[in-house]
Amino acid sequence: MTKPQKPEPLLQDADKPVRSRPRKPRNPAQPNLPLDPMPDRVDPCLALLKPKPPKGPQWAFEVKWDGYRLSVHVEPTGIRILTRGGHDWTDRFPAIKQAAMWLPVGTAILDGEAVVLDEQGRPDFGLLQQSLGGRGGKKMSSDAIFMAFDLLYFDGHDLRQSELDVRRHLLEDLVPAGEQGDIRLSEEIEADGDRLLENACEHGLEGIIAKRRDAPYRSGRLGDWLKVKCVQSDSFVIVGYERSTVARAGIGRLLLAARKGNDLVYVGGVGTGFSERSAAELREQMDRLIIAKPAVDTGRKRNAVFIDPKLVAEVEYRAWTHDGKLRHASYKGLRDVQDNAEVYEMD
């Protein structure tokens, strides 16, 4: 087989190849292409709780991550990592900060969740809390990784008015699927929502998230994102505890309350889910907040100690009783005040 002949260059005349014109210097009076100012902070888009997954091709599905909601800001002056409430936790996630410095981008804001994975690769909120030193702790977590699921700003362009599919396309270029670094992609899963939820529950995950593909990024809980949980998990105020001579750290049961308008209402207790360490840390914090009279009516309780309602616990539960109490509750950990967790709101 003979090699193909090298093509002849295009000619202007008989023997001179075509050349590009000399580059002209830019006219300083001509404006640069407009760039969007980088937001100092963006309030997150929040998922609305639903009992079952939505149907239709307009919905994209992901795993629900059980951790701390964060935004990672890649700025000309460096990296900032902000909590949902806007607190700067850059120094508390050194591994995520280092990974952000290596991202192939000049400026960006990534939305996602900091998690610590257990031996089976599942997010564990208790392990995340321990790695940060518990509620109010100041430890740095090198175990936490950042699961990125949205891109709000990219190289001078504000993407919040773009559709989710556009934002995801750019995010996947920035954080490719399958990489196992300290910043990873929360991958979109092509599946029927009901089947995906079933699989998530079988693997011990918290649930799934559904997002409208054509929706812009809107702060607040407006229904563009939906969450469906395998087991219910919400935040409740601790209003006291019952003493025990046999339980860990002497905590027989935590007494919990939810919000109802501007008031708190008692919703029962939780007596399982504590480790030796978490129980000891919790008892130490509660004993600093002891008050003489309960902040809410808990009914008659033997050996009860009441505290100022300043601690917020994350609690898993299966259902509600007919009189508004939690069923089969299990303690997961304390929420940090800077995480800005929302206390459960009663109807």
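Reply: A residue is called buried under 20% relative accessible area, exposed over 50%, and partly exposed in between. Please keep in mind that the model we are looking at is predicted.

Me: Is Tyr344 buried, exposed or partly exposed?
Reply: The relative accessibility of Tyr344 is 23%. Buried would require a value under 20% and exposed a value over 50%, so Tyr344 counts as partly exposed.

Me: How is the aromatic pair of Trp320 and Tyr344 classed?
Reply: The ring centres of Trp320 and Tyr344 are 5.2 Å apart, and their planes make an angle of 35°. Planes under 30 degrees apart would count as stacked and those over 60 as edge-to-face, which means that the pair of Trp320 and Tyr344 is tilted.

Me: How are the rings of Phe149 and Trp225 arranged, and how many residues apart are the two?
Reply: With 5.8 Å from centre to centre and 85° between the planes, Phe149 and Trp225 form an edge-to-face pair, and both residues are buried. Phe149 belongs to strand β6 and Trp225 to strand β10, so that the pair links distant parts of the chain, at a separation of 76 residues.

Me: Which residue lies over the face of Trp225?
Reply: The distance from the ring centre of Trp225 is 3.9 Å, and the residue lying over its face is Lys211.

Me: Where around helix α5 do Ser278, Ala279, Leu282, Gln285 and Met286 lie?
Reply: These five residues of α5 are buried. They cover an arc of only 130° around the axis, which puts them on the same side of α5.

Note on methods: Residues are numbered from 1 along each chain as its sequence is written. This is a predicted model: local features need pLDDT of at least 70, side-chain atom pairs count only at pLDDT 80 or more; totals for chains, interfaces and linings use all residues. Side-chain values use heavy atoms; hydrogens and water are left out. Buried means under 20% relative accessible area, exposed over 50%, partly exposed in between (1.4 Å probe, protein chains only). Helices (H or I, at least four residues) and strands (E, at least two) are DSSP runs, numbered from the N terminus. The arc is that of the directions from the helix axis to the C-beta atoms. Rings of Phe, Tyr and Trp (its six-membered ring) pair if their centres lie within 6.5 Å; planes under 30 degrees apart count as stacked, over 60 as edge-to-face and the rest as tilted. A charge sits over a ring if NZ of Lys or CZ of Arg is within 6 Å of the ring centre and within 35 degrees of the ring normal.
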